[in-house]
Amino acid sequence: MRKTLTRFKSVLLFPVVATLCIAAGRERRNIIAADTEKWSEWKNCPRGFRGLLRLFVLFPEYRSLFYYRVGPASHLFSHIIKGECCLYFRSPKIGEGFLIQHGFATIIDAETIGRNCKVFQQVTIGYNGDKRPSIGDNVMICAGAKVLGGITVGNHVVIGANAVVVHDVPDGTVVGGVPAKVLKRIDAVDNLK
């Protein structure tokens, strides 16, 4: 039954998603394709446009990311087919392959975010005064963490749950605590788990 309902919704949403993809332009379409590939791998969905439709139907967090990627043209439909209600994207640049695990009560307002990053619920990335952070590639920010101010978070970093990060974080580390401190060194981050 659920499969049939998902297919029915996909058929209804096909013109909406196709129109928004066309309106997005080539560069944004390439980023949407990379996001869709990463999400499809993570959620075990089909690849390509079929996967995009399935992700769009099933995951409000993906819809919010999709609308962010499309830009102003998304306002045509985002009020009818809503994304995650408490997930806010305010970053000027977020790299491809961005994953959001339960986007509830999450604010993403970094200067830049690199490729293949994953953010969990109730995360705040934003200002501390007048500056906001820059986040590298392959970073995982766990539930409830706060990343604040004009700091730099390196590549291959895991920020632990409820950590408060207010200082630069070096590459290849796990940080946690209030304020966050380096807990250990790592080689890579598997953000598909």
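Of the 193 residues in the protein, 51% count as buried, and since this is a predicted model, everything on this tour is a description of a prediction. Among contacts between residues at least 6 apart in sequence, 29% join residues at least 24 apart.

Select residues 48-58, which make up helix α3, together with residues 60-70, which make up helix α4; the two pack at an angle of about 115°, with their axes 6 Å apart. The crossing in which α3 passes α4 is left-handed. To see where they meet, show the side chains of Leu52, Leu55, Phe56, Val57 and Leu58 on the α3 side, and those of Pro60, Tyr62, Arg63, Phe66 and Tyr67 on the α4 side. Sorted by class, this contact has nine nonpolar residues, no polar ones and one charged residue.

The buried residues of α4 are Glu61, Tyr62, Arg63, Ser64, Leu65, Phe66, Tyr67, Arg69 and Val70. Step just past the end of α4 to glycine 71, and you will find a residue with a positive phi of about 90°.

**Second stop: the aromatic rings**

Next, select Trp39, Trp42, Phe56, Phe59, Tyr62, Phe66 and Tyr67, which together form one aromatic cluster. Counting ring pairs whose centres lie within 6.5 Å, the model comes to nine aromatic pairs. One of them can be examined closely by zooming in on tryptophan 39 and tryptophan 42, whose ring centres are 5.1 Å apart and whose planes stand at 70°, so that the pair is edge-to-face. Both tryptophan 39 and tryptophan 42 are buried. They belong to helix α2, residues 26-43, and, being three residues apart there, are separated by about one helical turn. An α-helix has 3.6 residues a turn, so residues three or four places apart point the same way.

Lysine 43 lies over the face of tryptophan 42, at 4.0 Å from the ring centre. Arginine 63, for its part, has its charged end over the ring of phenylalanine 56, 6.0 Å from the centre of that ring.

Move on to valine 164, which lies in strand β12, residues 164-165. Is valine 164 buried or partly exposed? With a relative accessible area of 22%, valine 164 is partly exposed. Leaving aside residues up to four places away in sequence, valine 164 touches Lys146, Gly177, Val178, Pro179 and Ala180. If you draw a C-alpha to C-alpha distance from valine 164 to glycine 144, a residue 20 places apart from it in sequence, the value is 8.9 Å.

Finish at valine 174, whose place is in strand β13, residues 173-176. At 14% relative accessibility, valine 174 counts as buried. Its contacts, again not counting residues up to four places away in sequence, are with Val158, Lys181, Val182, Leu183, Lys184 and Ile186. One of these, lysine 184, is 10 residues apart from valine 174 in sequence and 5.4 Å apart in space, taken from C-alpha to C-alpha.

Technical notes
Residues are numbered from 1 along each chain as its sequence is written. This is a predicted model: local features need pLDDT of at least 70, side-chain atom pairs count only at pLDDT 80 or more; totals for chains, interfaces and linings use all residues. Side-chain values use heavy atoms; hydrogens and water are left out. Axes are lines fitted to C-alpha atoms, for helices over the stretch in contact, and angles run from 0 to 180 degrees between N-to-C directions. Helices (H or I, at least four residues) and strands (E, at least two) are DSSP runs, numbered from the N terminus. A crossing is left-handed if the near helix is turned anticlockwise from the far one by less than a right angle, and right-handed if clockwise. Contact means heavy atoms within 4.5 Å. Ala, Val, Leu, Ile, Met, Phe, Trp, Tyr, Cys and Pro count as nonpolar, Asp, Glu, Lys and Arg as charged, and the others, Gly among them, as polar. Rings of Phe, Tyr and Trp (its six-membered ring) pair if their centres lie within 6.5 Å; planes under 30 degrees apart count as stacked, over 60 as edge-to-face and the rest as tilted. Buried means under 20% relative accessible area, exposed over 50%, partly exposed in between (1.4 Å probe, protein chains only). A charge sits over a ring if NZ of Lys or CZ of Arg is within 6 Å of the ring centre and within 35 degrees of the ring normal.
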